[in-house]
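I opened the notebook to look up ring pairs first, then a few local details.

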Amino acid sequence: MEKKLQNFLDQAFAPYGDFPARGDVQQELLVNLQEKVSDLKAQGKTEDEAYKIATESFGDVAEIMEELPHAEKQALKESEAGVSRTIFETIKDTVIGNSSRASRTKAVELQDADLADVDLAGSDFSMSAIMKAVFDGSNLTGATFKATALEDASFKGANLTGAVFIGSDMRKANFDKANLTNTKFNASAFQKSSFKDAKLVNTEFSKSDLTGITFEDMTLTGVSFTSSGLKNTTFKNAVLEDVSFHHSVVKHAIFDNVTMDKLTYALLKSAKAKLDNVTIK
């Protein structure tokens with residue numbers, strides 16, 4: 001079954017070539033699919049039935065991947081400019097210092113870069129390697145991160161309102177106290193990432209791995225978790241207001257002492273979530 005699911009993902013990713021986070025994202029999606037198949041088989045489905053349901057629940061994975069530039073386009077983009085014009089023109093005065101071709105090429109590799117307290121609204125960081133970069137306190141409203149390597153990056157207190165992350169590697173990324181209103185996270189990896197005291201309003205997590213992530217003592221309003229991995233994800237003492245978990249396996253998530261509205265409770269109960277000591281308002 002693992003090989004069959006891997007082939008499914010290989011076919012979905014095949015038209016788009018390689019990008020910094022492809023291996024990690026594809027592996028996490030494989031783990032999510034395997035878990036979903038196992039749960040379906042435990043419910044009495046045959047292996048073929050479980051495979052069909054699990055892969056169909058992926059839904060628009062091809063549409064998501066179509067938003068990523070093809071490998072040939074990326075190669076042309078790097079040879080002609082080195083990095084998107086939006087990134088370069090926004091940070092050249094604070095990080096690079098001039099507009100030479102060499103500087104633009106260097107901007108693709110922003111590992112360890114200090115971009116704290118910078119206005120980067122609308123920037124496009126797609127296909128860039130930004131591991132361990134610091135964006136603390138920066139304005140990243142409407143920024144785009146498609147297939148971006150962001151492992152160990154820090155966004156403490158940053159404004160990410162309306163930002164879009166697709167197919168990005170955000171393992172060990174720090175979003176503490178960040179404003180994530182209307183932020184969209186799609187097909188991204190979050191192992192060991194932190195969201196302490198982040199503002200989660202109408203935030204979207206879809207097809208992403210949130211295994212072991214902590215949302216304890218937080219208020220989540222209008223947040224959606226669609227087809228995401230939530231094994232050992234903890235919401236202890238959190239307040240859930242109009243939160244949805246469409247196509248996500250929630251029975252391994254932790255909801256101890258959570259306060260939630262009636263609709264959220266009904267949806268979680270129907271999905272067989274463990275709802276001990278919850279408060280319904």
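Aromatic pairs. I searched the whole structure, a predicted model, and the search gave 27 aromatic pairs. I wrote up two of the pairs, one of them F145 with F155.

F145 and F155. The ring centres are 6.0 Å apart and the planes stand at 85°, so I noted the pair as edge-to-face; the cut-off for that label is over 60 degrees. I then checked where the two residues sit. F145 belongs to strand 1 (residues 144-146), while F155 is in the loop between strand 1 and strand 2 (164-166), so the pair ties together parts 10 residues apart in sequence. Both F145 and F155 are buried.

F190 and F205. Here I found centres 5.9 Å apart and planes at 75°, so this pair is edge-to-face as well. F190 is in the loop between strand 3 (184-186) and strand 4 (200-201), and F205 is in strand 5 (residues 204-206), so the pair ties together parts that are 15 residues apart in sequence. I looked up accessibility for each ring's residue. F190 has 0% relative accessibility and so counts as buried. F205, at 0% relative accessibility, also counts as buried.

Charge over a ring. I asked which ring the charged end of K4 sits over. It is the ring of Y51, with the charged end of K4 4.2 Å from the ring centre.

Ends of helix 8. I looked at the start of helix 8 (residues 262-270), where D261 has a side-chain oxygen within 3.2 Å of the backbone nitrogen of L263. Just after helix 8, I noted a positive phi of about 65° at K272.

Key. Residues numbered from 1 in each chain as written. Predicted model: local features only at pLDDT ≥ 70, side-chain atom pairs only at ≥ 80, totals over all residues. Heavy atoms only, no water. Phe/Tyr/Trp six-rings, centres within 6.5 Å; stacked < 30°, edge-to-face > 60°. Helix = DSSP H or I, 4+ residues; strand = E, 2+ residues; numbered from the N terminus. Buried < 20%, exposed > 50% of the residue type's maximum accessible area, 1.4 Å probe, protein only. Lys NZ or Arg CZ within 6 Å of the ring centre and 35° of its normal. Polar contact = N/O pair within 3.5 Å; in protein donor to acceptor, adjacent residues only side chain to side chain.
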